[in-house]
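Biologist: I want to learn to read a model like this one, feature by feature. Please give me the general idea each time, then the case at hand.

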Amino acid sequence: MSREASAGLPEARPTNPILISIGLISAAVLAYEILLMRLFSIIQWHHFAYMMISVALLGFGASGTFLSLTIRRLLRGFHLVYSINGLCFALSMVAGVLLAKEVPFNPLEILWDYGQWTRLLEIYLLLCLPFFFAANCIGLALSHFTDYIHRVYASDLLGAGGGALGIILLLYVLSPINGLKCLAVLAVAASAVSWLRLRGRPQWLVGMLAVIAVLLPFVLPGQWMAVMPNDYKGLSQALQVIGTHVIEQRSSPLGLITLVESPVIPFRHVPGLSLNTKTEPPPQLGIFTDGDALSVITQFNGDRSRLAYLDYVPSALPYHLIHEPRVLILGAGGGADVLQALYHGARQIDAVELNPDVIDLVQQDYATFAGGIYNHGPIRIHTAEARGYVAKTNYQFDLIQVALLDAFNASAAGLYALNESYLYTVEAIQAYLQLLNSEGMLAITRWVKLPPRDGAKLFATVVTALRQMGVDHPENQIMWIRGWQTSTLLVKNGLFSAKDIGIMRSFCDTRWFDVAYYPGMHVEEANQHNILDRNYFFEAASNLLSTARNKFIHAYKFDIAPATDDKPYFFKFFKWASLPELVALRGRGGLSMLELGYLVLVATLVQALLAGLVLILLPLIVVKRSGMISDGGWQQSGRVSLYFFAVGLAFLFIEIAFIQRFILFLSHPLYAISVVLTGFLIFAGLGSMFAGKHTLDSSIAGVLWPIGGIGLVALIYLIALPNLFVLFMPLPDVAKIAIALLLIAPLAFCMGMPFPMGLSRIAIVAPTMIPWAWGINGCASVISAVLATVLAIQYGFTMVIVLALCLYGMAAISYPCALARRGQPA
């Protein structure tokens with residue numbers, strides 16, 4: 001080891017073991033980020049997990065601030081400090097999760113119980129620590145090996161790419177908690193590799209700490225490691241019932257499946273069941289996904305008469321209009337919709353379910369209880385995502401049923417506001433209609449909420465889809481009925497006849513359902529059984545079919561504009577214009593109509609902006625007073641901050657937008673996250689290595705070509721990707737994954753260059769600014785994770801990508817090229 005290295009000055013070259021250690025740290029930290037999303041999807045709801053991750057990533061910004069103020073002292077003991085931070089990263093991963101899950105935070109109370117904000121802050125701080133320690137390791141390495149920043153940054157990205165893919169594979173074989181233990185071991189290994197390779201002393205001390213860090217997660221009491229959902233999630237509520245108990249659990253990246261039995265007070269889960277029904281459901285087993293979204297396995301012995309209750313729900317209407325249909329069910333779950341089709345004499349049933357664990361429960365382990373319905377002759381089960389199956393199948397159907405699988409309580413509270421759903425977009429409706437035979441029907445069932453939100457937005461989406469398909473009079477192809485709890489919208493590939501209308505009226509009268517809309521309906525026919533104080537549903541349908549539909553959508557209290565594949569947030573109903581009125585009505589239930597998920601997201605964005613501002617400005621003030629930066633470096637501080645902030649925002653803007661775009665193409669959210677993250681990080685790492693090996697011009701021209709490449713490729717993709725997706729969608733999954741990686745490669749390769757190029761420039765004149773630049777980039781990443789979601793919800797993914805390109809242009813203009821001409825290497 002060189003004398004300069006032992007003194008804490010930059011080393012000549014990072015050895016391979018050090019680069020491996022950096023890669024392992026990066027792999028562990030990104031895997032930890034994805035793992036937290038899974039854990040907090042179970043404990044809370046999935047979008048709160050994303051927000052907690054985003055704010056926890058402030059640890060990167062805090063690390064930059066910390067290193068900016070202490071970098072000279074820390075570099076003197078680089079080897080020891082690096083290894084200790086690695087060990088602290090390992091321990092804080094486990095401790096942070098264990099402590100955070102014990103904080104009594106309830107997002108449902110956040111608007112009226114201000115103490116929830118303090119608890120949310122506690123969770124932020126606990127989850128922030130592992131990111132802080134991991135960022136310290138990477139920031140120290142960047143500051144220590146200033147002549148080889150490209151190699152360090154490439155190891156960081158390549159490791160992160162491997163971590164994104166590795167954690168997905170790991171979650172197929174381990175539960176999230178056991179996965180957390182493995183990540184702690186990985187972080188310890190990274191720390192040990194660096195310490196032993198650098199011949200740190202005393203070696204026995206680090207060895208002892210490593211043994212403790214590895215063993216501690218495995219000797220903690222089982223109750224400490226247990227993951228329990230929020231008290232207000234469906235599973236927690238069900239387990240309060242006497243005699244209810246869990247009989248089986250299965251975990252995968254797609255969700256934690258919990259099978260529950262309630263022998264004393266049995267499940268009676270039949271959404272929308274008529275109050276006039278004369279039969280009751282057979283015994284049921286409850287299936288909860290991530291502690292919510294209840295589906296059931298119904299006991300069936302082959303006697304179809306026991307399924308008569310399934311004729312008393314709104315979704316049964318199409319079976320009275322079509323004789324022995326060929327049916328496609330999107331979202332089979334535990335099989336309730338399959339039983340309904342079987343009861344009504346469907347000649348062929350194709351059922352699509354995303355989670356193979358759910359299929360396996362019904363088809364294998366509990367096949368006897370379920371009557372072997374998933375092994376029944378006319379029933380074919382497909383493990384696939386709904387839109388992906390629709391794009392690939394060559395079959396035509398008489399009836400397509402889109403099942404109701406989300407939880408009513410969470411939906412009513414606005415907790416699905418941030419859920420991107422490609423099931424209910426204009427393009428999805430058009431894809432379904434193209435699979436229908438002549439006179440075939442599409443049936444979509446949603447929860448009834450007052451004033452109407454889901455139903456009205458779905459109606460507007462269907463009308464838009466029909467008009468875009470060239471239908472001049474969509475009013476003649478739509479029927480809409482409602483019960484006390486659910487509504488069903490029918491869309492026909494043809495015109496509804498007088499006979500159809502007569503059957504529908506009889507169906508509704510017998511079951512005490514209300515007619516919301518049919519061709520030629522009069523207002524006095526609505527609101528007959530489940531009486532409301534206003535004809536909400538008929539008014540919405542009439543206005544959405546009129547020439548004043550845009551004016552009605554604009555004036556409506558909730559956002560019911562049609563969802564599209566570019567803005568697939570069907571469950572986002574919040575409007576800022578309605579906020580004062582809803583808050584004024586808080587004493588009369590107004591807060592229950594607010595979209596909690598969206599408001600908490602906005603609040604998180606404000607917090608991230610304030611925290612980022614403090615973490616960026618604080619080191620500048622301290623460093624200026626200390627004189628740690630030369631005059632040349634200080635004059636460039638504005639350009640440096642703007643450059644690294646813009647690059648940090650732009651990188652994640654594009655990454656997040658592409659993840660959402662590729663969910664549709666890869667037909668699987670899991671594939672999209674793992675493939676896009678892995679592809680972007682690995683190819684960006686290769687781009688960083690390329691930039692390091694081929695030293696570029698220090699002027700602005702040096703950074704223009706990678707930024708120009710980003711702009712050119714992204715603009716081509718904005719125009720071409722939708723058509724490419726349609727062309728390649730029918731291909732097998734393996735081929736689509738390969739195509740996705742090929743599409744990502746050129747864009748990510750160019751995106752991996754601007755950050756290390758800028759960092760190399762400031763390393764020449766003001767190396768003490770490297771941690772600050774690293775921190776700015778981390779803060780920008782935190783803000784962009786939330787800001788990109790807000791912008792996508794409001795304006796769509798296309799706008800997010802366009803803004804990212806503008807940010808890269810801003811970075812090119814502010815590139816600190818003058819630094820290369822001012823000073824000499826430190």
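Biologist: Which residue in strand 4 stands opposite Thr 289?

Modeller: First, the ground rules. This is a predicted model: local features need pLDDT of at least 70, side-chain atom pairs count only at pLDDT 80 or more, and totals for chains, interfaces and linings use all residues. Residues are numbered from 1 along each chain as its sequence is written, and side-chain values use heavy atoms, without hydrogens or water. Strands (E, at least two residues) and helices (H or I, at least four) are DSSP runs, numbered from the N terminus. Two strands pair if DSSP finds at least two bridges between them. Strands of a sheet pair through backbone hydrogen bonds, either parallel or antiparallel. Here strand 3 (residues 284-289) and strand 4 run antiparallel, joined by five bridges. Opposite Thr 289 stands Asp 292 of strand 4.

Biologist: What is the strand order in that open sheet of four strands?

Modeller: The order is 1-2-3-4, with antiparallel pairing. Strand 1 (245-252) and strand 4 (292-298) are the edges, each pairing on one side only. For angles, axes are lines fitted to C-alpha atoms, for helices over the stretch in contact; angles run from 0 to 180 degrees between N-to-C directions. Contact means heavy atoms within 4.5 Å. With direction ignored, neighbouring strands of this sheet are turned by 20° against each other on average. Helix 14 (residues 356-365) packs on the sheet and touches strand 1, strand 2 (255-261), strand 3 and strand 4. The direction of helix 14 makes about 130° with that of strand 1.

Biologist: Which strands stand at the edges of the open sheet of eight?

Modeller: The eight strands run 7-6-5-8-9-11-10-12, and the pairing is mixed. Strand 7 (379-383) and strand 12 (514-517) each have a single partner strand, so one side of each is left without a neighbour in the sheet. Neighbouring strands are turned by 20° on average, direction ignored.

Biologist: How many bridges join strand 6 to strand 7?

Modeller: Five, and the two strands run parallel. Strand 6 covers residues 348-353. Asp 350 stands opposite Arg 380 in strand 7. Helix 19 (residues 498-511) packs on this sheet, touching strand 10 (478-482), strand 11 and strand 12. The direction of helix 19 makes about 5° with that of strand 10.

Biologist: Is Thr 486 buried or exposed?

Modeller: Buried means under 20% relative accessible area, exposed over 50%, partly exposed in between (1.4 Å probe, protein chains only). Thr 486 has 1%, so the residue counts as buried. Thr 486 lies in strand 11 (residues 486-492). Across the protein, 62% of the 826 residues count as buried.

Biologist: How many aromatic pairs are there?

Modeller: Rings of Phe, Tyr and Trp (its six-membered ring) pair if their centres lie within 6.5 Å; planes under 30 degrees apart count as stacked, over 60 as edge-to-face and the rest as tilted. The count is 29 aromatic pairs. Phe 658 and Phe 662 are buried.

Biologist: Why is the pair of Phe 690 and Phe 749 called tilted?

Modeller: Because the planes meet at 55°, with the ring centres 5.5 Å apart. Phe 690 is in helix 26 (residues 669-693) and Phe 749 in helix 28 (residues 733-751), so the pair ties together parts 59 residues apart in sequence. Phe 690 is partly exposed at 30% relative accessibility, and Phe 749 is partly exposed at 27%.

Biologist: Which charged end sits over the ring of Phe 665?

Modeller: A charge sits over a ring if NZ of Lys or CZ of Arg is within 6 Å of the ring centre and within 35 degrees of the ring normal. The charged end of Lys 736 does this for Phe 665, 5.9 Å from the ring centre. Arg 453 lies over the face of Phe 558, at 4.9 Å.

Biologist: What is the mean pLDDT?

Modeller: pLDDT is the predictor's confidence in each residue, from 0 to 100. The mean is 82, and 84% of residues reach 70 or more. Residues 1-10 fall below 50, with 17 contacts beyond near neighbours in sequence. Residues 818-826 are also below 50, with 21 such contacts.
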